[in-house]
Amino acid sequence: MKRERYLFWILVGGLLFLRFPWIILGKALAPAYGAGIVVVFEVGTYLLTALLVFLERKRLAEYHIDSLALVLLLGAPVVILIGSKTGGYALPGQGIKALFASVLLIALLIWRPVLPKRGAAQTAIYLGAAVLIGGALAIVSGFLLSFQVQKPLDLSRFPSAGRLLYEALYQLDYAAAAEEPLFRGFLWGGLRRCGWKDHWIWLFQALLFAVGHVYYVGVYNISAFLVVPLAALVLGLAAWKTRSIGTSMIVHGITNGFGNALVYLFCGLLR
């Protein structure tokens, strides 16, 4: 068990390394290689997350991982890979992420995980709540972000309904699957096991999440000081109260996907 604890924190440390020095310093020191830096982050983060899921497969409830969360973590990379072949878009490393997801699925079918038991009704309630919260947060973030736009937007580029859905699915894979397991999952459970109270973890993860977006400071200040901290608090509350990062992943995907699109709408209404 002690060896497993060490390995757990080494893998969490790897996730923190990719999310902080790798992304933050990479964007600051090597902006010309921004796309490559993000690809390494996405692929490396998914690999480490998959290893943690497998390592902790008997204790996933401690990290807010239930059936809903597992379905989203395993399915999102594959859905986006398929979508990229049929008119959508994805990062260059999407195929590798989908491969990792397939390997993890096979491993979990052989070495079965222990998941919290939740009925269909409770899962449906979580899904409905996540959609409503995500929609509300998308409206708020879209409104705030509209004040950040410096040049007129082409309002004819407002996405279609199908495009909006793909944006939300893309953000569920690109942002939510990369951040929710770390901030609202493994880090939360690890700190709770160290004796931290949930309300302190909630505040700490929000602060850490905001620090992780420090590259917005001076460029997108509304994002840095309003939208990101607000989202971190809401996402943390969603995972905490439902004990499922599946809920916060859906909120995250809808907020990012719809919020970015709603900037066009608010710019048209306010200008």
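Modeller: Let's start at Arg-243, which sits in the loop between α8 and α9. Helices here are DSSP runs of H or I with at least four residues, strands are runs of E with at least two, and both are numbered from the N terminus. Keep in mind that this is a predicted model, where local features need pLDDT of at least 70 and side-chain atom pairs count only at pLDDT 80 or more, while totals for chains, interfaces and linings use all residues. Residues are numbered from 1 along each chain as its sequence is written, and side-chain values use heavy atoms, without hydrogens or water.

Arg-243 is partly exposed, at 30% relative accessible area (buried is under 20%, exposed over 50%, partly exposed in between, with a 1.4 Å probe and protein chains only). His-64, in the loop between α2 and α3, also has a positive phi, near 60°, but His-64 is buried at 0%.

α9 has the largest share, with eight residues. That pocket holds about 1,200 Å³ of space. A pocket here is an open set of points on a 1 Å grid over the protein atoms alone, where a 1.4 Å probe fits and protein lies on both sides within 12 Å along at least five of seven lines; lining residues have an atom within 4 Å of a point. Points are joined across faces, edges and corners, and the volume is what probe spheres set on them fill.

Of the 39 lining residues, Leu-145, Gln-171, Tyr-216, Asn-256 and Asn-260 lie nearest the centre. By class the lining has 22 nonpolar, ten polar and seven charged residues (nonpolar is Ala, Val, Leu, Ile, Met, Phe, Trp, Tyr, Cys and Pro; charged is Asp, Glu, Lys and Arg; the others, including Gly, are polar).

The second largest pocket holds about 220 Å³. Leu-72, Ala-168, Leu-169, Leu-172 and Ile-250 are the closest to its centre, out of 14 lining residues. α9 turns up here as well, giving two or more residues along with α3 (67–84) and α6. This time α3 gives the most, six residues. The lining has twelve nonpolar residues, two polar and no charged ones.

Gly-135 belongs to α5 and is partly exposed at 22%.

As for the whole chain, it has nine helices and zero strands, and its C-alpha trace spans about 60 × 40 × 35 Å along the principal axes. Buried residues are 49% of the 271. Among contacts (heavy atoms within 4.5 Å) between residues at least 6 apart in sequence, 83% join residues at least 24 apart.
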